[in-house]
Amino acid sequence: MKSQRSRQIKLAAYVMAGPVSGHHGGWRYPSARTDILSLDYYQEIGRQLEAGLFDMLFIPDILAVPHKFRNSAASQLIHGALGALRLDPVVVLTAVATATKRLGLASTISTSYIEPFQLARSLATLDHLSAGRAAWNIVTSFQPAEAANFGQAGLPDKNQRYDRADEFLSVACKLWESWQQDAVVLDKTTPLFADPAKVRAISHKGEWFDVEGPLNVSRPPQGRPVFIQAGASDRGKDFAAKWAEVIFVTHSSITSAQAFYRDIKERVARHGRNPDDVHVLLGVVPVVGETLAIAQEKQALLDRLTSPEAGLSTLSYHLDIDLSEFPLDEVLPAIAPPGVQGHYKEVAELSQKQGLSLSEIGTRYAIGPLRDFNGTGAEVARTLKRWFDERACDGFMVQMPYLPGGIEDFTRLVVPELQTLGVFRSAYEGPTLRDQLGLSLPD
Ligand SMILES: Cc1cc2nc3c(=O)[nH]c(=O)nc-3n(C[C@H](O)[C@H](O)[C@H](O)COP(=O)(O)O)c2cc1C
């Protein structure tokens, strides 16, 4: 077991390759850059995160422009909401790799619409080109709109999606292992480029995939990319406990975060893994200022730049239910939405326990999870440390309210305070993302 003193906060930055990352008003914030389709925008974000010693840049993804709310994509497009536009994360991260040296590069990729060979090849390439910094946020996709973009009549049920994901992961791991570490010899004289005895087929025949192998990319520097997951249903949590090395969650109270944390660490242990080898990162949207008044002014301005409709539009696609059918000024009744259970738990807590109306929930959702993380750098750092110390999480997925200024604020004002409190690194631990996270190479 690692000692309590050596436990350090892990920091990832949740950056959408699109208009909105944390706060739906963020893209309209006066200093927010609007060149979200340019190479320079993402490279600058990467450089700033690396200056702040962040563990990784995490890019979420979906494979459709959502149209659940009022059965139309209009609200997403008008408000520049979470699903309005998404660039391909792996391409963006490759660009970021060229501008950084240590920052981890995490791409969301669904197991439901591609084949393991494609994914294993693409992430092995990213891991090689970045010298060991790739991570994969494993999602199974939850929207019928995504299925419709891949010629499927409907969304397979959740158990089927997780069954496929389980086999997908096994096949991808076999492919990454199909080249032994020292298979590439590169002897010009003999000649011997790669030793055939150290590259083998995998001959996988399963319920979902038949893959002969080997992969046509040699063993990646990290053995395989770091695995990230965010499922919150029972099946999702078991999947995460089996595979994930980083788990991303959102919660609206410290007690629900602590309950999740205990539950997931127990599940990890039941899978025969060391609970310390799985980092639970909590999504927060900190608005930081030199003084509390400045932070509050920024927050007020951001809040004026969005609306309940923007939040409800995004929430409708997260829950896969059209919330325009419910009265705005009433509490949302208990429902069983087919979408993301983690997001519904958060909403149920706000409506059923705290009595917020649907319109208020829309506003809360538009401004991102957890507002308690606002203030001066010292105040934000103390709050982060409290949640970390009280075992609500092992670190944070920081959703910047606006970009790239939110990173600059966080790095300048919060990071030094965390360092003074002794809970955050003052230099990167090593060259790879596994080094930053204290994770060993897979066997
Ligand atoms: C905080 C959080 C972030 C997520 N990010 C994504 C994402 O970027 N893309 C995606 O397709 N699914 C995303 N999901 C969905 C989950 O990966 C998972 O597929 C979904 O929650 C369904 O599984 P569940 O019912 O076990 O929660 C996210 C879920 C949570 C809770």
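I took helices (H or I, at least four residues) and strands (E, at least two) as DSSP runs, numbered from the N terminus. The model is predicted, so I recorded local features at pLDDT of at least 70 and side-chain atom pairs at pLDDT 80 or more, while totals for chains, interfaces and linings use all residues. Residues are numbered from 1 along each chain as its sequence is written, and side-chain values use heavy atoms, with hydrogens and water left out.

Entry 1, background. I kept in mind that most residues other than glycine have a negative phi and that most peptide bonds are trans.

I looked up Asp320 and found it in the loop between helix H10 (308–319) and helix H11 (341–353). Phi of Asp320 is near 55°, a positive value in a residue that is not glycine. Asp320 is buried (under 20% relative accessible area, with exposed over 50% and partly exposed in between; 1.4 Å probe, protein chains only), at a relative accessible area of 11%.

I then turned to Leu53, which also is not a glycine and has a positive phi of about 60°. Leu53 sits in the loop between helix H1 (39–51) and strand E2 (56–59). With a relative accessible area of 12%, Leu53 is buried.

Which residue does a cis peptide bond join to Pro191? I noted Thr190, with omega about -5°. Pro191 lies in the loop that runs between strand E5 (184–187) and strand E6 (192–194).

I recorded a cis peptide bond between Leu403 and Pro404, where omega is about -5°. Pro404 belongs to the loop between strand E14 (395–399) and helix H14 (405–420).
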